[in-house]
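Here's a quick tour for anyone who wants to get oriented before loading the coordinates into their own tools. Have a look first, then read on.

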Amino acid sequence: MDSVTNRIHDFKSNASIIVKSFNSEYKKTPLRIKVIDAFIVYALLTAAIQFLYMLCVGTFPFNSFLSGFFCSLGFFVLSVSLRMQVDPSSTEFKGLLPERAYADFVFCGCLLFLVVWNFMG
Amino acid sequence: MAFSLRLFSVVKYESVIHEFDPYFNFRVTIYLTKQGFYNLWNWFDDRTWYPLGRVIGGTVYPGLIWTAGVMFKVLHAFNIPINVQEVCVFTAPLFSAFCSLAAYLLVKEIRGRGAGLTAAAFMAMVPSYISRSVAGSFDNEGVAIFALVFVFFLYVKALNTGSLAWSSAAALAYLYMVASWGGYSFIINLLPIHCLASIFTGRLTAKLYIAYAPLIILGTLEAASIPVVGFNAVLMSEHFGAFFAFGILHAALAIRYIKDILPVKAYNAAKTLVLTSGVVLMSGILLLVLFYVMSSPTFGWTGRSLSLLDPTYASKYIPIIASVSEHQPPAWPSYFTDLQAASILMPAGLIALFWPLTPASLFLILYACTAVYFSGVMVRLMLVLAPAACCLAGIALHEAIATLFKGVHAARDEQESKPLKEDVKAKKPSKPAKAGFWSILPGFSETGRPIPRDAAIVGLLGLAAVALFYTWHSIWVSAEMYSAPSIVMQTRGGDGSIHIFDDFREGYAWLRYNTPEDAIVASWWDYGYQTTAMANRTVLVDNNTWNNTHIATVGRAMASPEKQAWEIYRALDVTHVLVIFGGFIGYPSDDINKFLWMVRIGGGVFPDIKEKDFLGEGGYRVDTKAGKALLDCLMYKLSYYRYAEASLMTTGQLGFDRVRNVQIGKMDISLEYFEEVFTSEHWMVRIYKVLDRPARDGKLPNPRSSRGKIRRGSS
């Protein structure tokens, strides 16, 4: 019994540490990145909601479900990529202009919409 | 050069389309050019699979047909009046040239320009790929291999630059690949393997994510938009690997992100948190997937990919897949004929890739390893191996040349070997790599001490000889072995003269002009495409083997005694039966040799056909010791009907079969329910009419003379 409560206590304290330090660290990220982060979370949430809806209601227009789900997922992926590209703290993309990264993002987004629109049926 | 090497077939024969499948593609292309792109999706073909028909638009990989159609339209837009057939004949050589370019780009991206050049040279001449892309073989593989290499190039490019634009370009190329060939599942499985390997060897970068994740999302949606793939893109097990790696990639990235942002202590706690929750989530999803997969009998795999993973699977359960010769495991010599020098240089290239091991070279290593395995299972997949082997051989050759030249130059600094200018140029890039590569060989020290000059020159000459032999071999192979269209046969007589057998086209032309428009022709499925394309008649089964039962029915009819076969054919409204017979001229791939497969496939659905009834003493034979059922069956009768007398004239022996080199077991064959209406010049194509009611007097009046009259009258 004791060990279990101990563990839970441990876990709780750990979790609070994580949340706290995450909050404090996250405040340092620039605003632009925060906006992208918000969009990422939004896209992920949309995907999750669609998936839940599919579980509850059924897959019937499978085309529509797939295209909707993949659309949100696709935007999630694209914006994660964008975030990694424009993140000033990363060293991998030194030579890349943020403008170029945004242009690529828009292009890929258009392509994604085209494909989804084609598949929606 | 890649283009011109493949024109041997046009020079030697004429501009015809080869083999079986290309005839179908050709027919669909004609439809496309006449009816337009949109009608193709809705085309219901009633000329095949009688009485079922086939929805062409939903069951065909349209990439090749689009390509040819677009080329045709573009040429006509410039007012160049060209026939559809010419476009189709020259599509494959053109794309093999593109493929060399793609190989150059891929290897350049991995290893630098010199290696790219040698790889492209290998690619241009690799016999295995020539076999599928000679002029006239208008087959999916011709464009698909180009698409394959191009997807890999774009993926590696995205991996190196970390740019979303390249990644989406890779997704577009992937769309083209999916549209052209079922082999796209190779890509969708190879990429996750590479992704996982990168993660677990600690090479996770943001660039990997950018190259991989958008490709999976976009690629899956695109694949699902191609009707023949459809929902399989998310439902079949072949594709689950990609999603699995996708999930792992995200978990790994999340961990990395947290590591960057959190202090150490919190990181450790958070890592366990993410890992445990990730594992729980993944196992939940995995359970769901497993449940789904287990609920289907084949575990969600298609038969073809199952036979790849378990090489014995097809021969056990699906005789129809095993019956196609190109689905069988290759023999060792075929590696040598198909790859020649590349197969020797390949391991060296593989080792060279480890110095230095970048994510891109890791990709090529994985590609080569998996391709070697797959080609070991199926002859056809030798094609997938070919680009890998060429890239590796190109790298190996380049490294060797560069090292040897370094030896030459170090010994004497002036340039003696002017004639080999290209090689000198090729030497410049990737200098740090080669020292490491050669250091593994005994005798060359770690410091990259140059090789003695004499040895270097001998080595260079040796390499030049290898390259020359490779070229010579490839040209010989493409001229002699792979240019034969298998619809026009060519043999050399004892005096060196060349005989050309054009029996197939003779037979199909007879069908086209002498049978009613709605005639239904039964033949073994190999000849289905050709019959619909060249004779324009309805067939029962064709090379798109989607309905096993239907094929088994035809196999059963061929294996039954005459009366039963007649009943089966009447039930299917068949008016003509076509058999291919090679005993007269010694053409080995005729119906008698394929007959055991008919029995096996037929027996797979109808258990009353047993293979052992058809086997005589000591195996399959057609002489007097043949199995009793074989001597009675329809195929035997149709093949050898009236053959005994004919062979007396040519071979001097009654009923002597030149393919199997035996005297046939039954001479006086009479037909009650079928009537011979046509036999081609060399007896290769024999066509019989299915009679309405049995003929009363067993033997018919000599049909050969009456046939002569008909032909003279019609021509």
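This is a predicted model: local features need pLDDT of at least 70, side-chain atom pairs count only at pLDDT 80 or more; totals for chains, interfaces and linings use all residues.

In chain B you'll find an open sheet built from 5 strands, running in the order β6-β5-β7-β11-β10, with mixed pairing. The edges belong to β6 (538-539) and β10 (674-679) of chain B, and each has a single partner strand, so one side of each has no neighbour in the sheet.

Strands in a sheet pair through backbone hydrogen bonds, and they can do that parallel or antiparallel. For β7 (residues 576-580) and β11 (residues 685-690) of chain B, the answer is antiparallel, with 5 bridges joining the two.

Helix α27 (residues 503-514) of chain B lies across β5 (520-522), β7, β10 and β11 of chain B, and its direction is at about 25 degrees to β11(B). Helix α30 (residues 562-571) of chain B also packs on the sheet, where it touches β5, β7, β10 and β11 of chain B. The direction of α30(B) makes about 80 degrees with that of β10(B).

## Where chains A and B meet

How many residues of each chain are in contact? Chain A brings 36 residues and chain B brings 38. Together the two chains bury about 3,200 Å², and 80% of that is on carbon and sulfur atoms. Salt bridges between chain A and chain B come to 0, while 2 residue pairs are in polar contact across the interface, both at pLDDT 80 or more.

On the chain A side, α1 (2-26), α3 (62-86) and α4 (98-120) each supply at least two of the residues that touch chain B. Which helix gives the most to that side? It's α3(A), with 15 residues. By type, the residues on the chain A side split into 23 nonpolar, 8 polar and 5 charged.

## A salt bridge within chain A

Over all chains, the structure holds 8 salt bridges. One of these pairs the side chains of Arg83(A) and Asp37(A), at 2.5 Å from N to O. Because Arg83(A) sits in helix α3 of chain A and Asp37(A) in helix α2 (residues 31-57) of chain A, the pair ties together parts that are 46 residues apart in sequence.

Terms used. Residues are numbered from 1 along each chain as its sequence is written. Chains are lettered from A and ligands numbered from 1 in the order in which they are written. Side-chain values use heavy atoms; hydrogens and water are left out. Two strands pair if DSSP finds at least two bridges between them. Helices (H or I, at least four residues) and strands (E, at least two) are DSSP runs, numbered from the N terminus. Contact means heavy atoms within 4.5 Å. Axes are lines fitted to C-alpha atoms, for helices over the stretch in contact, and angles run from 0 to 180 degrees between N-to-C directions. Buried area is the accessible area (1.4 Å probe) that two parts lose on being put together, summed over both. A salt bridge is a side-chain nitrogen of Lys or Arg within 4 Å of a carboxyl oxygen of Asp or Glu. A polar contact is a pair of N or O atoms within 3.5 Å; within protein, one must be able to donate a hydrogen and the other to accept it, and residues adjacent in sequence count only if both atoms are side-chain atoms. Ala, Val, Leu, Ile, Met, Phe, Trp, Tyr, Cys and Pro count as nonpolar, Asp, Glu, Lys and Arg as charged, and the others, Gly among them, as polar.
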